[in-house]
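Good morning, and thank you for coming. I would ask everyone to look at the sequence and the model on the screen while I speak.

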Amino acid sequence: MSNDFKNLVDGIRKSKNISKEELYRIFSCNEEEKEYLFSVARSVSDNIFHKEIYLRGLIEFTNYCRNDCYYCGIRCSNKNVERYRLSKEEILECCNIGEKLGFKTFVLQGGEDFSYSDDDMCDIISEIRKNHKECAITLSIGERTRESYKRFFDAGANRYLLRHETANSEHYNKLHPDNLSLENRKRCLYDLKEIGYQVGCGIMVGSPFQTIDNIYEDIEFMKELKPHMIGIGPFISHKDTPFKDEEDGSVDRTLLILSILRIIFPRVLLPATTALGTKDPLGREKGILAGANVLMPNLSPGDVRKKYMLYDGKICTGEEAAECIRCLQTRVEKIGYHVAFVRGDHPDFI
Ligand code: SF4
């Protein structure tokens, strides 16, 4: 491997910064250089997280959504989706099962479904908080007002995931209909941070029309936002969307970006996503070996999992939660890491 590449990676590690030219260079790296980049990202991650992989129990509680994002399988105009909503009792039952299995974080994820009013959400959140005092509650329910976010926080929610998808307005407008704007998406993220949430943003790697310059802009935006979590996975097309014929994102590029993010944001929580595991049977292991430190197994009831298809071919829609954990534990141990049954807060919140 050339000294130039080594110096480039070491420089990024030292400065926690990357130039556009360096990003282009990394995207053209050879196998040996890639392995070096991954090993640096791993060592940054291991120094902070000590080879512990945090688990988040994902509860996909509604696949109704008022929005029509062009890439999403549960977009409102997809009439082929069998829609469902979980009741408060069903959500609480998922949490009970999750806690028995050792989960210390529950992620309530859904489309933008306003049939769960703010009052309903507060009721659900405060009930989970009451029953599971030690657990973290993460929300991933899209764009709402600052007042709503504040009410959810006061009811007991701790974290919020809201992928920004792209930090370039033109690109954003190619992925979303006119009623959605990057400006509002960013407004939500900054509101969430100010309120006190641990905040996660993120992108799909290889989404239609994405350029390397766009990815550079994403990294610049992340440096400004300073998120606590960053969710990235390859774009995977869904057959019932306008992007059905678009090429999927690459696993390789996703891994490169994961490792760059780990090096620039050493303490950030970085999932090895289900999308990564869908594109490559060993995708999640590869993600961890490129610097990821979080896995998000599914805690949703078995009968609804296949209905929450954001993209085609999604894995782990059949297994029971207990099976999922056993499988993930084995996979993680095989590569020299271990699953930690802890809350796994961002180091700033410990
Ligand atoms: S990406 Fe989110 S907001 Fe957009 S259609 Fe899908 S669930 Fe709705």
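This is a predicted model: local features need pLDDT of at least 70, side-chain atom pairs count only at pLDDT 80 or more; totals for chains, interfaces and linings use all residues.

In helix α10, the buried residues are V251, T254, L255, L256, I257, L258, S259, I260, L261, R262, I263 and I264. Buried means under 20% relative accessible area, exposed means over 50%, and partly exposed lies in between, computed with a 1.4 Å probe on protein chains only. By that criterion α10 is mostly covered, with twelve of its 14 residues buried. The helix comprises residues 251-264 and reaches 20 Å from its first C-alpha to its last, close to the 20 Å expected at 1.5 Å a residue. That expected span is 1.5 Å times one less than the number of residues in the helix.

Residues are numbered from 1 along each chain as its sequence is written, and side-chain values use heavy atoms, with hydrogens and water left out. Helices (H or I, at least four residues) and strands (E, at least two) are DSSP runs, numbered from the N terminus.

I turn to helix α8, residues 182-195. Its 14 residues should span 20 Å at 1.5 Å a residue, and because its end C-alpha atoms are 20 Å apart, the two values agree. Its buried residues include L182, R185, C188 and L189, and D191, L192 and I195 are buried in α8 as well. What do the buried residues of α8 pack against? They pack against α6 (146-155), β5 (159-161), α7 (169-175), β6 (198-205) and α9 (212-225), where contact means heavy atoms within 4.5 Å. After α8 comes G196, with a positive phi near 120°.

Eight of its eight residues are buried, so β6 is largely enclosed by the rest of the structure. Strands of a sheet pair through backbone hydrogen bonds, either parallel or antiparallel. Two strands are taken to pair if DSSP finds at least two bridges between them. β6 pairs in the parallel sense with β5 over three bridges, and R159 stands opposite Q198 of β6. β6 also pairs in the parallel sense with strand β7 (residues 229-234), over six bridges; here C201 stands opposite I230 of β7. Together, β6, α9 and β7 make a right-handed β-α-β unit. Right-handed means that, with the strands pointing away from the viewer, the path from the first strand over the helix to the second runs clockwise.

A right-handed β-α-β unit is also made by β2, helix α4 (residues 88-101) and β3. β2, residues 57-62, is mostly covered, with six of its six residues buried. Its pairing with β3 (residues 105-110) is parallel and runs over five bridges, with F106 in β3 as the bridge partner of G57.

In the loop between α4 and β3 we find F103. Is F103 buried or exposed? It counts as buried because its relative accessibility is 2%. Leaving aside residues up to four places away in sequence, F103 touches L55, R56, G57, G98, C135, P297, L299, I325 and F341.

There is also an open sheet of three strands, in the order β8-β1-β9, with parallel pairing. Its edge strands are β8 (294-295) and β9 (338-340), each of which pairs on one side only. Strand β1, residues 52-55, is joined to β8 by two bridges, and Y54 has V294 in β8 as its bridge partner.

K16 sits in the loop between α1 (3-15) and α2 (20-27) and is partly exposed, with a relative accessible area of 39%. F209 lies in the loop between β6 and α9 and is also partly exposed, at 45%.

Finally, the ligand. Which residues surround the ligand? They are C65, N67, C69, Y71, C72, I74, R75 and G111, where a residue is near a molecule or strand if one of its heavy atoms lies within 4 Å of it. By class, this shell has five nonpolar, two polar and one charged residues. Ala, Val, Leu, Ile, Met, Phe, Trp, Tyr, Cys and Pro count as nonpolar, Asp, Glu, Lys and Arg as charged, and the others, Gly among them, as polar.
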